[in-house]
Amino acid sequence: MRPADLLQSRPEGLYCPPGDFFIDPVRPVARALVTHAHSDHATSGHGAVLATRETLDIMAIRMGEGFAGSVQPLRYGERVAIGEVATTFHPAGHVLGSAQIEVERGGFRIVAAGDYKRTPDPTCAAFEPVRGDVFITEATFGLPVFRHPEPLAEAGRLLQSLTQFPERTHLIGVYALGKAQRLIALLRAAGHDGPIFVHGALRRLCDYYAERGVALGDLPDATIERGRSRDFAGQIVLGPPSAFASAWVRRFADPLIGFASGWMQVRARARQRGVELPLVISDHCDWTELTTTIDELDPTEVWVTHGREEALVRWCSLTGRPARPLHLVGYEDEAED
Ligand SMILES: [Zn+2]
């Protein structure tokens with residue numbers, strides 16, 4: 001079988017002809033398999049959606065119960081026949097519920113990893129290495145210059161700043177799905193037991209993570225009553241990036257602006273956002289994680305989706321592995337890193 005007979009690029013996304021389904025389609029289709037609930041991968045209006053219980057729940061929280069005609073939850077490791085193929089979801093280590101999708105027909109296997117990382121993350125199941133003939137990888141940080149630092153040390157830098165500037169409100173930008181909960185878990189692991197205040201836009205997903213057994217501790221609302229902004233002096237307040245463009249920020253006492261993202265290792269991006277405390281915490285692989293994963297899985301062929309495809313494709317070729325970019329459109333670098 002030619003790999004392209006099993007999965008191929010279409011304008012809607014990756015399409016499987018013998019199963020008649022798409023993986024992470026960016027336009028409405030009859031049947032979608034969704035790797036995770038970030039908004040550039042999980043869209044509304046599909047006839048049927050197959051995903052993990054967590055991904056389906058988060059899609060419903062964000063888009064409303066009617067986001068698809070019908071839904072089917074799949075457990076990690078559960079093998080499901082769709083048309084002439086067998087599919088299995090495996091943990092991707094990216095955010096709660098995130099999955100790699102294995103598609104198999106007649107012993108030929110393609111593994112679409114979706115967004116993934118290898119660094120341990122207490123808020124989701126760890127990436128499971130799955131061998132296949134073709135491995136489809138993202139390349140968000142697919143350049144040798146990208147090296148993510150130790151995430152616990154980044155959380156430690158925030159706590160250090162808090163000690164150094166006890167009068168300032170530490171306002172940290174985090175994406176609502178994954179990054180918020182991971183930063184909270186890292187702060188807890190670094191020994192911060194006190195309250196961590198959260199903006200209303202982060203509330204539902206933090207509650208959902210806690211419901212699914214991810215311990216996050218005390219997370220009071222970051223609501224300011226008139227003239228009480230001093231209450232937040234020396235406290236950590238988390239908000240979505242969008243809130244930082246609004247008047248919300250100016251309500252806090254002498255705010256110190258931080259932002260948690262893999263992109264914070266690019267100084268120009270931190271400056272652009274006016275970030276005083278850039279925290280390099282990424283839910284994607286860095287260059288070393290990408291290349292060691294490909295070495296470990298040793299696929300016959302590598303397909304590269306969104307990100308810096310060229311460098312990773314070239315690295316694969318130099319190490320004797322056929323590789324090609326898929327040029328899928330619609331997946332954004334920074335949509336919800
Ligand atoms: Zn993602």
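Visitor: Is Asp24 buried or exposed?
Guide: A residue is buried if 20 or more other C-beta atoms lie within 10 Å of its own, exposed if 12 or fewer, and partly exposed in between, with C-beta atoms placed from the backbone. Asp24 has 26 other C-beta atoms within 10 Å, so Asp24 is buried. This is a predicted model: local features need pLDDT of at least 70, side-chain atom pairs count only at pLDDT 80 or more, and totals for chains, interfaces and linings use all residues. Residues are numbered from 1 along each chain as its sequence is written.

Visitor: Where is Asp24, and what is its phi?
Guide: Asp24 lies in the loop between strand S3 (21-23) and strand S4 (31-33). Helices (H or I, at least four residues) and strands (E, at least two) are DSSP runs, numbered from the N terminus. The phi of Asp24 is positive, about 50 degrees, although Asp24 is not a glycine.

Visitor: Which loop holds Asp254?
Guide: The loop between strand S14 (236-239) and strand S15 (256-260). Asp254 is not a glycine, yet its phi is positive, about 35 degrees. Asp254 has 12 other C-beta atoms within 10 Å, so Asp254 is exposed.

Visitor: What about Thr300: buried or exposed?
Guide: Thr300 has 12 C-beta neighbours inside 10 Å, so Thr300 counts as exposed. Thr300 sits in the loop between helix H7 (287-297) and strand S17 (301-307).

Visitor: Which residues is Thr300 in contact with?
Guide: Two residues are in contact if their C-beta atoms, placed from the backbone, lie within 7 Å. Leaving aside neighbours within four places in sequence, Thr300 is in contact with Asp133 and Val134. Thr300 and Asp133 are 167 residues apart in sequence, but 5.2 Å apart in space, C-alpha to C-alpha.

Visitor: How do I read a helix pair?
Guide: Two packed helices are described by the angle between their axes and the distance between the axes. Axes are lines fitted to C-alpha atoms, for helices over the stretch in contact, and angles run from 0 to 180 degrees between N-to-C directions. Here helix H3 (residues 151-164) packs on helix H4 (residues 179-189) at about 80 degrees, with the axes 9 Å apart. That angle makes H3 roughly perpendicular to H4. The cut-offs: under 35 degrees is roughly parallel, over 145 roughly antiparallel, 65 to 115 roughly perpendicular, and the rest oblique.

Visitor: Which residues make the contact of H3 and H4?
Guide: H3 brings Pro151, Leu152, Ala155 and Leu158; H4 brings Leu183, Leu186, Leu187 and Ala189. The tally is eight nonpolar, no polar and no charged. Ala, Val, Leu, Ile, Met, Phe, Trp, Tyr, Cys and Pro count as nonpolar, Asp, Glu, Lys and Arg as charged, and the others, Gly among them, as polar.

Visitor: And a sheet?
Guide: Strands of a sheet pair through backbone hydrogen bonds, either parallel or antiparallel. Two strands pair if DSSP finds at least two bridges between them. Here six strands form an open sheet, in the order S1-S2-S3-S4-S5-S6, with mixed pairing. Strand S1 (8-10) and strand S6 (68-73) are the edge strands, each pairing on one side only. The twist averages 30 degrees from one strand to the next.

Visitor: In which sense do S1 and S2 pair?
Guide: S1 and strand S2 (residues 13-16) are antiparallel, over three bridges. Gln8 stands opposite Tyr15 in S2.
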